[in-house]
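Welcome to my notebook. I opened this structure and jotted down what I looked up.

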Amino acid sequence: MSQSSSATILLSMFGRVKKLGNLYIESLRLKSTEKITIILAAVAFYAVAMALGLVCLVFISIGIGNLLATTVAPHLAYLIIAVFYLILLILTIVWRRQIFIDPIARFISRVLVEMPEEERAKETARCNAMLADIVARAEKEQNADNNPENPDDFSASGTGAGDNSSVTLEYKEDQDYEKQ
């Protein structure tokens, strides 16, 4: 092998490695752009929702205050509403981790950290098993509820060929069984 051919091979490999590195960097840029977009969209949505909710809350509070003012003194009505909001503030401070920190951390980790394929497969299998269990329970309850009292509600078909005989019973679901 000559020196010029090994130099061209090295230059070719270097060019390919450089191209691969550029592709990885471009992929990283696209993924980070996508994830930042998802996070900023969620922040914008919740900011607008909170602003609109706050406006509604102010008007509802004024309405409740005026309604309470018809039964008690006006200053006492607004004091009752202030105490209610103070209790909400205290509960929010006490449960800030469960209300704010944990959901935000789960959201950001779900967006930024991809689940490994093994864990995703296990999670999918677990969810499918739970879904199958729920469907089986619902079908069992439905079959128990639809258990007919009249034996004429079944149709039978089959073959009677010695030891290989089989019978199929089918429930006639077309009929209305509600008797009131």
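What pLDDT does the protein chain average? I found a mean of 80, with 78% of the residues scoring at least 70; pLDDT is the predictor's confidence in each residue, from 0 to 100. This is a predicted model, in which local features need pLDDT of at least 70 and side-chain atom pairs 80 or more, while totals for chains, interfaces and linings use all residues. Residues are numbered from 1 along each chain, and side-chain values use heavy atoms, without hydrogens or water.

Helix 2 has the highest mean, 94, and strand 2 (residues 166–171) the lowest, 46. Helices (H or I, at least four residues) and strands (E, at least two) are DSSP runs, numbered from the N terminus.

Then I looked at a helix pair. Helix 2 (residues 74–94) packs with helix 3 (residues 96–112) at about 55 degrees, their axes 5 Å apart; axes are lines fitted to C-alpha atoms over the stretch in contact, and angles run from 0 to 180 degrees between N-to-C directions. Thr92, Ile93 and Val94 of helix 2 meet Arg96, Gln98, Ile99 and Phe100 of helix 3, where contact means heavy atoms within 4.5 Å.

My last entry is on confidence again. Over residues 160–180 pLDDT stays under 50, and the model has 29 contacts beyond four places in sequence for them.
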